[in-house]
Structure formats: C-alpha cells, structure tokens
Amino acid sequence: LRWIRRCVFTMVCCEKVRSYAVTIGAACAAAGTAYSLYSLYKASTCKPVKKRDDKKAFADAFNRLVADVMHDESSHPQDCMKWVREMIEYTVPGGKNTRGLSVLQGVKCLNERILDDDETHYRVCALGWCIEWLQGMFLVADDIMDNSVTRRGKKCWYRNEHVGMIAVNDALMLDALIYRILKMYFKDTDCYTSLLELFHEVTYDTTAGELCDLLTAPIGQVDLSRYTMEKYQYIVKYKTSLYSFYLPVACAMIVSGVKDKAAYETAREVCCHIGEYFQIQDDYLDCYGDPEVIGKVGTDIEDNKCSWLVCKALLLADKKQLEVLKANYGREEKGKVAKVKQLFKEMNLEGIYNKYEEESYATMKSIIDTRVDTKSKPLYMWLLKRIYKRTK
C-alpha cells in the first residue's frame with residue numbers, strides 16, 4: 001500500500017511539473033520571451049510518449065500549414081492568393097517527403113519527449129515542410145533550367161499553359177514563404193536565429209552547387225574534358241547532400257537543444273557521404289529507372305549532365321568508346337541517346353553501379369557505427385535504409 005501511494009504521488013507531481021512547464025512556456029510567449037522547444041517540454045519526463053503515425057501526421061500538417069500561410073497572406077488580392085495556393089499544392093507535395101520526415105525522425109531519436117505535446121509536434125512538422133518547400137522551389141527552377149517535361153508523374157509546373165515563365169516568380173515565392181513559416185512558428189523560441197542562419201547557409205550552398213553544375217555542363221555546349229569525378233563530387237556535395245540530408249538532421253538537432261559544434265561537423269560529414277550515394281542512385285535511375293515509377297522522364301544524357309554514369313564511362317573508356325561518347329553525349333536526337341545507352345551497356349555500368357551500391361552501403365554503415373554517438377545512430381540508419389536500393 002505504501003509503494004502504491006508513493007507511485008501515485010510521483011505521478012501527480014510529474015503531471016504538475018509538466019503543467020507548470022507548459023504554463024511557463026505560454027507565459028514566456030505572451031511576454032515575448034524566447035524559449036526553446038526543448039526547454040519548454042524537457043520537464044515532461046514522466047508520461048508515456050504519445051504514439052503517432054508520423055507519415056499521416058506529417059501529411060495532415062500540410063493542409064493546416066497551407067491554410068495558415070494563406071490566412072497570413074490574406075491582405076493580398078484574391079486572384080493572387082488563389083494562384084499561390086494552386087502553385088503550392090502543385091509543387092510542394094507529391095514526393096516521398098524523406099527530407100521533412102527526417103526532421104521528425106531526428107527529434108524522436110534525439111529528444112522524443114518534446115513531441116509529446118500536440119502543438120510542438122505540429123511545429124516540428126511545419127519545420128519539416130519548410131525543407132519540402134525548399135525542395136519544391138529548387139525543382140521548379142531546376143525544371144526550367146533543364147527544359148524538363150515531367151516531374152513527380154505530372155507536367156512540370158512551368159509546362160502548364162497558364163504558367164510558363166511566371167514559374168520563375170513562383171520559385172522566388174516558395175523560397176520567401178519558408179521564412180514566413182519559420183517566423184510564424186519559431187519566432188518566440190531561442191532556436192529561431194539558428195534556424196534562419198541554417199536555411200540561408202544551405203540555400204546558398206545549394207545554389208552554388210547548381211551554378212557549378214550549369215557551368216560544367218551547359219546545354220548545347222558539350223565539353224567532356226570538364227567532367228571529372230572530383231568535379232562531380234563537389235557538385236553532389238553542394239547541390240544535393242547539404243539540403244537533402246544535412247539540413248533535416250541539423251534542424252532536428254537545433255530544436256532538440258544540441259549545442260556541441262563538433263556534433264554538427266560530424267553530422268555534416270556523415271550526411272555528405274549519404275548524399276553522394278543518394279545522387280549516384282538518382283543518376284542511375286535517370287538512365288535505368290522506369291519513368292512510371294520515378295515520376296519523370298530521364299534526360300541527363302540529352303541535357304549534357306555531369307552525371308556519375310558519364311564520369312565513370314570517361315574513366316573506363318578506350319579510344320573508340322571515347323569517340324562514341326564525344327559524338328553522341330549531350331545531343332537531343334533519340335538515336336544518339338540510344339547510342340550512349342548502348343555504350344553504357346557494353347561497359348557494364350549497371351553492374352558496376354550494383355557493386356558500388358553494396359560497397360557504399362557497407363562503408364557508410366561502418367562510418368555510422370564508429371563515428372556517430374549512440375543516440376543519433378538510429379537516425380542515420382533510418383536515412384540510409386530509406387534510400388538503400390530505392391527504385392524512385
């Protein structure tokens with residue numbers, strides 16, 4: 001009986017501590033005092049963590065987020081607001097949401113307790129959607145620059161007759177809305193500045209990587225001497241790895257209260273390894289993937305892309321094969337594209353890729369096992385397993 005009383009007393013005390021923490025957080029918000037998501041809910045350590053379907057919760061958060069954004073922008077003309085809503089709903093959702101879900105998964109690994117509160121869980125979802133918003137912005141711009149036809153199983157946004165080059169402004173709008181969302185949900189926290197700096201830094205790095213890609217492989221100007229594996233790795237690091245993998249992980253670390261600079265450096269290093277593997281997969285799927293599955297028609301060969309396949313082919317090609325590449329790579333004619341694909345087949349690039357995939361997975365798993373702290377390991381393994389042997 002004494003033991004039961006003690007348990008009941010402890011539970012009551014823990015509930016009071018949690019209640020006080022939430023009350024204090026609300027008071028801080030009302031007074032304009034900054035607080036972190038971590039500090040607000042770290043006291044609630046006695047209740048079981050709520051079990052949620054993260055995919056569903058994340059998807060549901062999108063509709064609420066769009067409604068919040070549209071309400072925030074309600075002072076603008078109605079036709080403009082109608083356009084923005086249509087554009088957001090066309091360009092932002094539709095992917096696998098790996099980047100956004102990685103934020104939730106990261107917080108669950110680092111400090112799951114803060115997700116126990118419904119409103120905090122929604123804020124973390126909103127942060128994840130900021131990354132999906134950023135992805136949408138990059139894709140809208142990328143499709144224009146690459147003259148792409150389809151994206152995620154439908155026409156590229158700019159390919160719609162009523163859109164055209166208005167899509168350039170739409171890409172800028174998507175980017176601007178990210179910072180509206182961050183202000184809306186994080187201005188009253190002490191992680192707001194860190195999140196702003198992170199998004200600005202990663203956006204800059206990604207556009208620098210995109211610029212290097214465009215200058216290395218301009219459409220209509222084929223110069224295969226520019227294509228080296230070193231240049232390719234630079235482009236991948238800055239164009240893909242940082243925003244696709246480091247950004248979600250760093251967001252989770254920031255809202256979870258991680259302050260150690262060394263932890264962020266390790267995260268950046270590990271995420272760049274995973275990102276390179278991811279981009280090489282993307283290059284492989286552009287050539288060998290099923291358009292019905294990957295949601296787009298691959299155009300890397302005709303677009304003169306500095307892809308892993310062509311860089312590897314250049315390393316392996318003999319004099320005759322090199323002449324075939326020079327005569328056909330970066331040309332739009334279907335016959336020339338077919339000749340490049342036939343050359344890739346003769347060089348067994350598909351088999352070389354399969355071997356790379358197995359070796360790369362083993363290497364990254366070893367890095368995670370030896371370099372990453374115990375708390376963070378499940379996050380990186382979740383990321384790795386989510387993309388391992390993907391088909392889209």
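User: At what angle do helix 5 and helix 6 pack, and how far apart are their axes?

Analyst: In this predicted model, helix 5 (residues 98-111) and helix 6 (residues 118-146) pack at an angle of about 150 degrees, and their axes are 7 Å apart. Helices here are DSSP runs of H or I with at least four residues, numbered from the N terminus. Axes are lines fitted to C-alpha atoms over the stretch in contact, and angles run from 0 to 180 degrees between N-to-C directions.

User: Is that parallel or antiparallel?

Analyst: The angle makes helix 5 roughly antiparallel to helix 6. Angles over 145 degrees count as roughly antiparallel, under 35 as roughly parallel, 65 to 115 as roughly perpendicular, and the rest as oblique.

User: Which residues of helix 5 make the contact?

Analyst: Thr98, Arg99, Gly100, Val103, Leu104 and Val107 of helix 5 make it, with partners in helix 6 including His121, Val124 and Cys125. Contact means heavy atoms within 4.5 Å. Ala, Val, Leu, Ile, Met, Phe, Trp, Tyr, Cys and Pro count as nonpolar, Asp, Glu, Lys and Arg as charged, and the others, Gly among them, as polar.

User: What about helix 7 and helix 8: what is their angle?

Analyst: Helix 7 (residues 166-186) and helix 8 (residues 192-216) pack at about 165 degrees, with axes 10 Å apart. That makes helix 7 roughly antiparallel to helix 8.

User: Which residues meet there?

Analyst: From helix 7 they include Asp175, Ile178 and Leu182, and from helix 8 they include Tyr192, Leu195 and Phe199. The residues of this contact divide into eight nonpolar, two polar and two charged.

User: Changing topic, which residues touch the most other members of the largest nonpolar core?

Analyst: Of its 115 residues, these are Ile88, Trp133, Leu182, Phe199 and Tyr380. Such a core is a set of buried Ala, Val, Leu, Ile, Met, Phe, Trp, Tyr and Cys residues joined through side-chain atoms within 4.5 Å.

User: What does tryptophan 133 touch?

Analyst: Leaving aside neighbours within four places in sequence, tryptophan 133 contacts Phe62, Leu65, Val66, Ile88, Val92, Leu174, Leu177, Ile178 and Ile181.

User: And asparagine 304: buried or exposed?

Analyst: Asparagine 304 is buried, with a relative accessible area of 0%. Buried means under 20%, exposed over 50%, and partly exposed in between, with a 1.4 Å probe and protein chains only.

Technical notes:
Residues are numbered from 1 along each chain as its sequence is written. This is a predicted model: local features need pLDDT of at least 70, side-chain atom pairs count only at pLDDT 80 or more; totals for chains, interfaces and linings use all residues. Side-chain values use heavy atoms; hydrogens and water are left out. Helices (H or I, at least four residues) and strands (E, at least two) are DSSP runs, numbered from the N terminus.
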